[in-house]
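Thanks for coming. I will go through a few parts of one model, so please have the sequence and the structure open.

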Amino acid sequence: MYEKSLKTLEYEKIIGLLAEEAESSVTRDFILTIKPSSSLDQVSQWIEETDEAFKLLIKRGKPPLYGVKDIYNEIKRSQMGGVLSPEGLLKIAESLRCAHDLKEYFSESQEEDSASYPLVEEMISRLSYFDYIEKAIYRAIISEDEISDDASPKLRTIRIEKKRRAEGIKSKLNSMITSETNKRYLQDSIYTLRDGRYVVPVKREFKAEVPGMVHDMSSSGATLFVEPMAVVELNNQIRELDLEEKKEIERILRDLSAKVGQRSGELSINEKILKRLDFIFAKGKLALRQRASKPVLNQEGIINMKKARHPLLDPEKVVAIDIFIGETFDTLVVTGPNTGGKTVSLKTVGLLTAMAQSGLFIPAGENSQVAVFDNIYADIGDEQSIEQSLSTFSAHMVNIVDILNRYKDNSLILFDELGAGTDPTEGSVLAIAILEEIRKKDVRAIATTHYNQLKVYAMTTAGVQNASMEFDIESLSPTFRLLIGIPGKSNAFEISRRLGLGQEIISSAKDLVEAENIQFEDMLGEIEKNREIIAEERAQAERSREETKKLEEKAKAYRDKTEEMREDLLDQARREARDIIRQAKEEAKLVIDEIKEISRNIEGDSARRLGQATELLRSKEKELRDQLGSDLLKLDVEKSTKDLKVGDSVSIPSLRQEGVILSEEDQDGKVMVQVGIMKMSLPKTSLLAIEGQAKSQAQEKTKKIYSTKSKFIKKEIDLRGMNVEDAIFKLDKYLDDAYLSGLKTVEVIHGKGTGALREGLKPYFKSHKHIKKTRYGNLDEGGDGVTVVELK
């Protein structure tokens, strides 16, 4: 495949996006090397692999490919009898675990439809899993630099003995450094390690007072690190145990490496399959990310892309195009205004073709057709070079000459602004000659241009078709829609007039244009008007057909289901009545339980009044159960509740009670309602506004409750001796009662003490909905042992 064209089409960016979807670095490195294939069989297999991965990702989610590792060197080393490092053995174990988990992942999918994924199934079936190797490695190796005590009984014994000897040394050294006699000889009362041996820091001038072996010296030379003679033998014993431990670890690693070597052939196959599977599922994940679809491949040079999108542009903003070539014509000439989308359309065709030939899904509609070409050639963009003294025209011509020297049958050739950058007359005839030359072979060519001569050439030459990028004259902006079969109109005079250029100048310019060119532009304008009229009429007819069809279906459905719907409505009404009764009973039970819980924490007159409220609630529950009946179905639930606000009197149909709204609607759609002596959180949609006399009665009832509360509520509450949790529980109800009673200021007595209760209440005060602000009491109010709370 022509590398320069792939670079022009930004193919490497697509491959970069694909590499990001891979789980392992070894797969990412492989992906960065892939290129489009010109073999239909090869591309078809790649596309089928992507399709299977795409379906599995949708049905089963991401596969467990976390253990794909590059184990080539470890396999070769084990084959030659070498000893693998702990890191290398862990890579082998992770690879084996990945193979096992993939088999489990696919076996679950296989139960659903075993015939849907033949390619992936065949690869996973060839994976080998040796649980005894995986378990042996994970049992012996904890991390890349740590071997487990469980690796062997001998290793465990050695380490236990080392620990015992080390404790003996530490005990002797502790006795030495804590001795009053030795303290003056030591720089610090500590011991440390040098070269794996325990030493103490001795002042240089007292070296003779502490017999032993010098292992190190401080940078200043004032301190010598001496191994006392009393622990030399014990240190030697630990050193011997270190050597035994190292020897045992080497034996363990050798045994594990030998197990790997015995299965090196199967492990090598595993590595290749896992890397391939990671690549295949990366293609599937990219397809999901790009909302791409499976292309229909052919080798007849037919391209028919539906709703195709450039994969590197924002999918929410890019305008999809429909483009086809290869059946009734082999060359497409695209015209249109600058920045109208011609170049993007050209790149979209080339890039999506290269993606399909790499085994990738394409961001286009279902059943879009893509041909498999032997090569793709593209001359797109302005590559003028000051250093090489190349103008825009020269830069394009260098590329075109290179393409003409290379192209063969079954090629896709893309020219951007063919013949541009020079005299229009010479440029247009040169462009026509180039198109005629490449059409001598079996190729598919798309060229963009501004020249009228190429439009005429496309209209008068068999096998060549016009196309244009739509332009909205009213808004003076392109729509980026590609219209095949319609040559583009320049619109220069019309655009200039709308931008404010004088009519005299425009008329003068028209006089200078040849009459046949004006006639040609007028003809294009007429064609465009007719196309728009036909398209609108066709759309209107289609809408009428769809509307008629829907009306017929709706009438038929209405006739067929009228009786059934009537019975369903009656059943639903009965069910709703039963649900209302059940909900009311449940709510009443919850309130009674809450009252019982509160009554256990209070005494005296308040408890008596709560008992009376409980009995009242039970009587209301019985009344509700007796009275709820068929009239439930007649409740007016159609009244809007969106205008309800704090302070409004409302009716609660589900409880047959009235109340007053205390708070704004929360995120769950609920409001706090005062119902008698209780506050309840209810859905706002379950409330009905009370009008007129009923509203006045409800408000009067609420005022009586407030008045009753104000007779008994105190202007202070004593929380001394309580913990924060109990204090907040008691304070919460007190503040609610104080707020309902109309008190503006209350005092909370928490005492001074350690200050824990005072500090614990601060966040509560800040977040409470009824509190406006707080302050500590004055000296005559109790100082910082009291918090004065101002209510809203």
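What covers the buried residues of helix α23, residues 756–767, includes α22 (724–741), β23 (745–749), β24 (771–776) and β25 (786–791). Contact here means heavy atoms within 4.5 Å. Helices (H or I, at least four residues) and strands (E, at least two) are DSSP runs, numbered from the N terminus.

This is a predicted model, where local features need pLDDT of at least 70 and side-chain atom pairs count only at pLDDT 80 or more, while totals for chains, interfaces and linings use all residues. Residues are numbered from 1 along each chain as its sequence is written, and side-chain values use heavy atoms, with hydrogens and water left out.

Which residues of α23 are buried? They are Leu757, Arg758, Leu761, Tyr764 and Phe765. Buried means under 20% relative accessible area, exposed over 50%, and partly exposed in between, with a 1.4 Å probe and protein chains only.

Next, a sheet. Six strands form an open sheet with mixed pairing, in the order β12-β13-β14-β10-β15-β16. Two strands pair if DSSP finds at least two bridges between them. The edge strands, each pairing on one side only, are β12 (375–379) and β16 (477–484). β12 pairs with β13 (residues 411–415) in the parallel sense over five bridges, and Asn375 stands opposite Ser411 in β13.

Now the cores. A nonpolar core is a set of buried Ala, Val, Leu, Ile, Met, Phe, Trp, Tyr and Cys residues joined through side-chain atoms within 4.5 Å. The largest has 45 residues, of which Leu18, Ile31, Ile323, Leu332 and Ile446 touch the most other members. Helix α13 (residues 342–356) gives the most to this core, with seven residues. A second, separate core has 23 residues, including Leu84 and Leu253.

Last, aromatic pairs: the whole structure has 10. Rings of Phe, Tyr and Trp (its six-membered ring) pair if their centres lie within 6.5 Å; planes under 30 degrees apart count as stacked, over 60 as edge-to-face and the rest as tilted. Phe106 and Tyr117 have ring centres 6.1 Å apart and planes at 75°, so this pair is edge-to-face. Both Phe106 and Tyr117 are buried.
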